[in-house]
Amino acid sequence: MPGREDMPSTLRRSPDKAQRTWEKTHDSAVQTYGEGERSHRTAFAAVKHEFEKVGDHWEPKGRKGPSDAQAAGGGPERRAPTAGGVDANASKDHLMSVARKLDVPGRSSMTKPELVKAIEKANDRATRKARGD
């Protein structure tokens, strides 16, 4: 099925469960909506409910559920910015530990929204580096 072939590199570097979640959801969405952006968004939404992006891969979250405002109230008619896989609904302590793991400079004086943005930027940098961009 197309899910395995279309799987983003960040998921290929992630746990098997994240890969299976992406693949099954993507393939089901392709049958419902056809191949394309909507199928990819649907698959990422399923992954984000159980995993968060840390650096260049996805790791299990401590709890299941929406990771940001878009995931919490989503739908095609409501467009809110996403946090790029960062679990913006996590506690500040959790975000601080992710920022520490990614060696985000200045993290100790950041607010929760600043941590989310800084982690998102660090994740993007790690992904570009892993892809060789």
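The model is predicted, so local features need pLDDT of at least 70 and side-chain atom pairs count only at pLDDT 80 or more, while totals for chains, interfaces and linings use all residues. Residues are numbered from 1 along each chain as its sequence is written, and side-chain values use heavy atoms, with hydrogens and water left out.

**Overall fold**

- The chain has seven helices and two strands, where helices (H or I, at least four residues) and strands (E, at least two) are DSSP runs numbered from the N terminus.
- Along the sequence the pattern is α-α-α-α-β-β-α-α-α.
- Of the 133 residues in the chain, 40% are buried; buried means under 20% relative accessible area, exposed over 50%, and partly exposed in between (1.4 Å probe, protein chains only).
- The accessible surface comes to about 7400 Å², with 51% of it belonging to carbon and sulfur atoms; areas come from the Shrake-Rupley method with a 1.4 Å probe, and for residues only the protein chains shown count as cover.
- Among contacts with a separation of 6 or more, 43% join residues 24 or more positions apart, contact meaning heavy atoms within 4.5 Å.

**Helices α3 and α4**

- Helix α3 spans residues 16–33, and helix α4 spans residues 37–50.
- They pack at an angle of about 145 degrees with their axes 8 Å apart; axes are lines fitted to C-alpha atoms, for helices over the stretch in contact, and angles run from 0 to 180 degrees between N-to-C directions.
- The crossing of α3 and α4 is right-handed; a crossing is right-handed if the near helix is turned clockwise from the far one by less than a right angle, and left-handed if anticlockwise.
- Residues of α3 in the contact include Trp22, His26 and Tyr33, and those of α4 include His40, Phe44 and Val47.
- By class, the contact of α3 with α4 has nine nonpolar, six polar and three charged residues; Ala, Val, Leu, Ile, Met, Phe, Trp, Tyr, Cys and Pro count as nonpolar, Asp, Glu, Lys and Arg as charged, and the others, Gly among them, as polar.
- His26, in α3, is buried at 0% relative accessibility, and its C-alpha is 6.3 Å from that of His40, 14 residues away in sequence.
- Lys48 of α4 is buried at a relative accessible area of 14%.
- Beyond four places in sequence, Lys48 touches Trp58, Lys61, Gly65, Ser67, Thr82 and Gly85.

**Helices α6 and α7**

- Helix α6 (residues 92–101) and helix α7 (residues 112–131) pack at about 30 degrees with axes 10 Å apart, in a left-handed crossing.
- Lys92, Leu95, Met96, Val98 and Ala99 of α6 meet Lys112, Leu115, Val116 and Ile119 of α7.
- Seven of these residues are nonpolar, none is polar and two are charged.
- Asp103 lies in the loop between α6 and α7, with phi near 55 degrees, a positive value in a residue other than glycine.
- Asp103 is exposed, at 58% relative accessible area.

**Nonpolar cores**

- A nonpolar core is a set of buried Ala, Val, Leu, Ile, Met, Phe, Trp, Tyr and Cys residues joined through side-chain atoms within 4.5 Å.
- The largest has 15 residues, of which Val86, Leu95, Val104, Leu115 and Ile119 touch the most other members.
- Helices α6 and α7 each supply at least two residues of this core, and α7 gives the largest share, five residues.
- A second, separate core of eight residues includes Met7, Ala43, Val47 and Phe51.
- Leu115 touches Lys92, Leu95, Met96, Ala99, Arg107 and Met110, not counting residues up to four places away in sequence.
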